Amino acid sequence: MKRQLYLIALSFILSGCSVEGQETSSLANNAAENEALIVTTEYGSFPETIEPSEESTDSDGDNYKENYPEWFSELAKSYQLACDSLNKGYSVSIGKSKPEKGSFNDSDIYSYYRINIDMGSAIPNATFQEVNSVLSHSYTISFTDHIATPEIRDVVTLTILALDPSIDLSAAEQLASQLSTSYTGNGSASDVLDCGGYYIFFLDGPTIGTLIGSEYPDLIAKYHKDVNQIPQNLSEYSEASQDILSSPLNKGLPIYVDATVENFIPQTKGFYTLLVKTEDNIQIYFII
C-alpha cells in the first residue's frame, strides 16, 4: 500500500480517493507509452440526430423534464456514438432522480443523474451524484446479475470510447479485456486505466456477494480533478489527532492525515469506508 497525505472535511467525505492506496497499475504505468490513454478530449460536434431523452421516471412514478448540464449531455452523446461504433444495437438515454435528503446530513440534498445503456437484456447505468446542486463528473456503473459477462466487457469498451473518442474500437476492446482480466475479486480493485481525463477501474460495490446484491463489481470512472485535490494553503487544515477525531464538537473541521491505506469497505448507496493507519499505528475510518 502506498503512503498518502489526505485532506479531509471531518463531517463528511474525503473527495476522490477511491483509488488511493492501490499500487500503480500496469495499465497506468504504460500510459506514457500509449498516447491514446492520456489524450484529453474536448467534446465538440455530434450529429444532431443523437438526442438522449430528457424525460425520466423516478421511483414514485412521477414524470418530469430536466435541463441537463452541457458536459453531461455531451458525454451521453459520446456513449451513443460508442454504441453505434460497437454496432450491437445498444442505445442510450438519460434521466435524473427526484431530490432527497442525505442519510449522513439532513441539510444535504442529493439527486442522481444517469446515463442508461440499453443492451436489450440489461440496462446498466452510469450514475452521477449531485449534492446541493453541484453535480460530480465522476460516476459509477453497477451491474445486475442478469447481465452477461461479455456485456460487462462491452460496457468497459463503450466507456473507453466515450471518454476518449480518439481510441479506435480494436484498441478499446483490447484495453477493456486487460482491465477486466486484472480484476481478481476478493475485495481488491482492478488495475487503473487512465483515459480521457478519467481513471477507470473495477471495485467491489456495497452489495456484492449478498442475497439482494450483485456478483459483479462496480465500474468506477473517477474524474481527474476529483482525485487528490490538495489546497495550496495547508494552514487552513489541522493535523488529525486522537483528541480532534474523538470530539463531536469538531464536526466539519478540515483536517489532514499522513497515513497508509489499509482497506476499502463497501457501504450503502455507493459510499465506502476508507481505513487508514498513521505512523503511530492509529487506525482511522473515513466515509468516502
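**Close-up views of a predicted model**

**View 1. Helix 2 packs against helix 3.** In this predicted model, helix 2 spans residues 70-86 and helix 3 spans residues 149-163. Their axes lie 8 Å apart and meet at an angle of about 125°. That angle makes helix 2 oblique to helix 3. The crossing of the two helices is right-handed.

**View 2. Asn 132 and Ser 133 lie in the loop between strand 7 and strand 8.** Strand 7 covers residues 125-131, and strand 8 covers 134-135. Asn 132 has a phi near 50°. Phi of Ser 133 is near 70°. How exposed is Asn 132? Its relative accessible area is 39%, so Asn 132 counts as partly exposed. Ser 133 reaches 67%, which is over the 50% cut-off, so Ser 133 is exposed.

**View 3. The protein has five helices and 16 strands.** Of its 288 residues, 44% are buried. The protein exposes about 14700 Å². Carbon and sulfur atoms supply 47% of that area. Take the contacts with a separation of 6 or more: residues 24 or more positions apart account for 53% of them.

Technical notes. Residues numbered from 1 in each chain as written. Predicted model: local features only at pLDDT ≥ 70, side-chain atom pairs only at ≥ 80, totals over all residues. Heavy atoms only, no water. Axes fitted to C-alpha atoms, helices over the stretch in contact; angles between N-to-C directions. Helix = DSSP H or I, 4+ residues; strand = E, 2+ residues; numbered from the N terminus. Parallel < 35°, antiparallel > 145°, perpendicular 65-115°, else oblique. Left-handed = near helix turned anticlockwise from the far one by under 90°. Buried < 20%, exposed > 50% of the residue type's maximum accessible area, 1.4 Å probe, protein only. Contact = heavy atoms within 4.5 Å. Areas by Shrake-Rupley, 256 points an atom, 1.4 Å probe, with all protein chains shown as cover.
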